[in-house]
Amino acid sequence: MTVSVLIVGAGAVGAFYASRLALAPATRVAAVCRSNYKAVAANGFSVTSPQYGDYKWIPSETFASPEEARKSNIAWDYVLVSTKALPDVSDDSELLEGLVGDKTAIVLLQNGLGVEAPYAKRFPGATILSAVTVISAEQTSPGTIKHNRWTRINTGPYLPHLDDGRDHTPRDRQAVAQNGVFVQLLSTGGIKDASAYSHSKLQLVRWHKIAINASMNPSAVLSAGTPNGAMALDPELYVHLKGVMDEVLTTAPKVLGQPFPRDFATSEAILKSTKKNTSGSKPSMLLDWEQGKKMELEVILGNPIRIARDKGLEMPRLQSLYALLRMAQENRDKSKDKGKL
């Protein structure tokens, strides 16, 4: 039986993982593209990778919009969403209307906290799989993907009722099974460090990645474009980055009511690894800032602050970064609007 996968938001990360999923036998992988549609429709994706070499991937179907994908009438087993999470701009769960069937699993390969809630609200009967990746990849030109480093991806079923102490349901078991199949597809496609996690462990992973994203991304913008590796090598920025990471890593267990597993990297280990990143690659928030786009401030900074506050906890380092960058973005956007008058 063929497994059908639709990628919504086939940018660097989505396209890279899609190209690996497509290597699994009897797997059909299609893509909804945006700005890169013409290039991909004509030539597919060209991928370069130090780990997998140079290769081309042509989606089974290339759609210019979700509406086109809906008109195809294909029953999707998995819909992987890898768009930027910008809840202050739009509700991307709306893109999936008409694409989610009774047996469809929605895979959210997005940064930040709280990204699952809009999809759970819009599709209450659907399986939602939450996915977190550590990867360095960029789309250097439309349809050209450069994979630089890392392929770690963890996925787990989103089962928030378990947080309230309620029991597993038969639908939960289906979600766990769908999660396992998805991870196996990734593994078959050569992603050796793909792991299936439980709901609770996956939420710990999301918080752990917040420690990385909330420290590195805003600091790259506020330091006028410094890459992660260079920041980790600077003595004062090192202290700053570690302080932000430690704030998140000490707050998250209090919010979630459980400690991080011992195998999760400490702030020191993360920064030691970051120092070795000499690719000069820029974090996504910095790229968005440089291109005049909206940054993922809410899911990376705002939501963690609000979730912690609901538990009576404050994160002053994150709050400072959030306040400064939110105002910087507002001022930049006002200036752009004035220029159009």
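Me: Which residues are buried in H1?
Reply: In H1, the buried residues are Ala-12, Gly-14, Ala-15, Phe-16, Tyr-17, Ala-18, Ser-19, Arg-20 and Leu-21. Buried means under 20% relative accessible area, exposed means over 50%, and partly exposed lies in between, with a 1.4 Å probe and protein chains only. H1 covers residues 12-21, and nine of its ten residues are buried, so this helix is largely enclosed by the rest of the structure. Helices (H or I, at least four residues) and strands (E, at least two) are DSSP runs, numbered from the N terminus.

Me: What kind of model is it, and how are residues numbered?
Reply: It is a predicted model, in which local features need pLDDT of at least 70 and side-chain atom pairs count only at pLDDT 80 or more, while totals for chains, interfaces and linings use all residues. Residues are numbered from 1 along each chain as its sequence is written, and side-chain values use heavy atoms, with hydrogens and water left out.

Me: On to the cores. How many residues has the largest nonpolar core?
Reply: The largest nonpolar core has 42 residues, and Trp-207, Leu-301 and Leu-318 have the most contacts inside it. Such a core is a set of buried Ala, Val, Leu, Ile, Met, Phe, Trp, Tyr and Cys residues joined through side-chain atoms within 4.5 Å.

Me: Which elements give two or more residues to this core?
Reply: They are H6, H7 (228-233), H8 (235-256), H9 (267-275), H10 (284-290), H11 and H12 (316-340). H6 provides the largest share of this core, ten residues. Apart from this core lies another, of 35 residues, among them Ala-12, Phe-45, Tyr-78 and Ala-105.

Me: And what does Leu-301 touch?
Reply: Leaving aside residues up to four places away in sequence, Leu-301 touches Ala-214, Pro-218, Leu-318, Leu-321, Tyr-322 and Leu-325. Contact means heavy atoms within 4.5 Å.

Me: Next, the helix pairs. At what angle do H6 and H8 pack?
Reply: The angle between H6 and H8 is about 155°, and their axes are 9 Å apart. Axes are lines fitted to C-alpha atoms, for helices over the stretch in contact, and angles run from 0 to 180 degrees between N-to-C directions. H6 and H8 are therefore roughly antiparallel to each other. Angles under 35 degrees count as roughly parallel, over 145 as roughly antiparallel, 65 to 115 as roughly perpendicular and the rest as oblique.

Me: What is the handedness of that crossing, and how does the contact divide by class?
Reply: H6 passes H8 in a right-handed crossing. A crossing is right-handed if the near helix is turned clockwise from the far one by less than a right angle, and left-handed if anticlockwise. The residues of the contact of H6 with H8 comprise 15 nonpolar, five polar and no charged. Ala, Val, Leu, Ile, Met, Phe, Trp, Tyr, Cys and Pro count as nonpolar, Asp, Glu, Lys and Arg as charged, and the others, Gly among them, as polar.

Me: How do H6 and H11 pack?
Reply: H6 (residues 199-222) and H11 (residues 297-310) pack at about 125°, with axes 9 Å apart. The two helices are therefore oblique to each other, and their crossing is left-handed. H6 contributes Trp-207, Ile-210, Asn-213, Ala-214, Asn-217 and Pro-218 to the contact, and H11 contributes Val-299, Ile-300, Leu-301, Pro-304 and Ile-307. By class, the contact of H6 with H11 has nine nonpolar, two polar and no charged residues.

Me: A change of topic: where is Asn-73, and what is its phi?
Reply: Asn-73 lies in the loop between H3 (66-71) and S6 (78-81). Although it is not a glycine, Asn-73 has a positive phi of about 60°. Asn-73 counts as exposed, at 69% relative accessibility.

Me: What about Trp-150?
Reply: Trp-150, also not a glycine, has a positive phi near 65°. Trp-150 is in S9 (residues 144-157) and is partly exposed, with a relative accessible area of 28%.

Me: Last one: is Pro-50 buried or exposed?
Reply: Pro-50 counts as exposed, at 66% relative accessibility. Pro-50 is in the loop between S3 (45-49) and S4 (53-57). Pro-50 and Arg-149 are 99 residues apart in sequence and 7.7 Å apart in space, C-alpha to C-alpha. Not counting residues up to four places away in sequence, Pro-50 touches His-147 and Asn-148.
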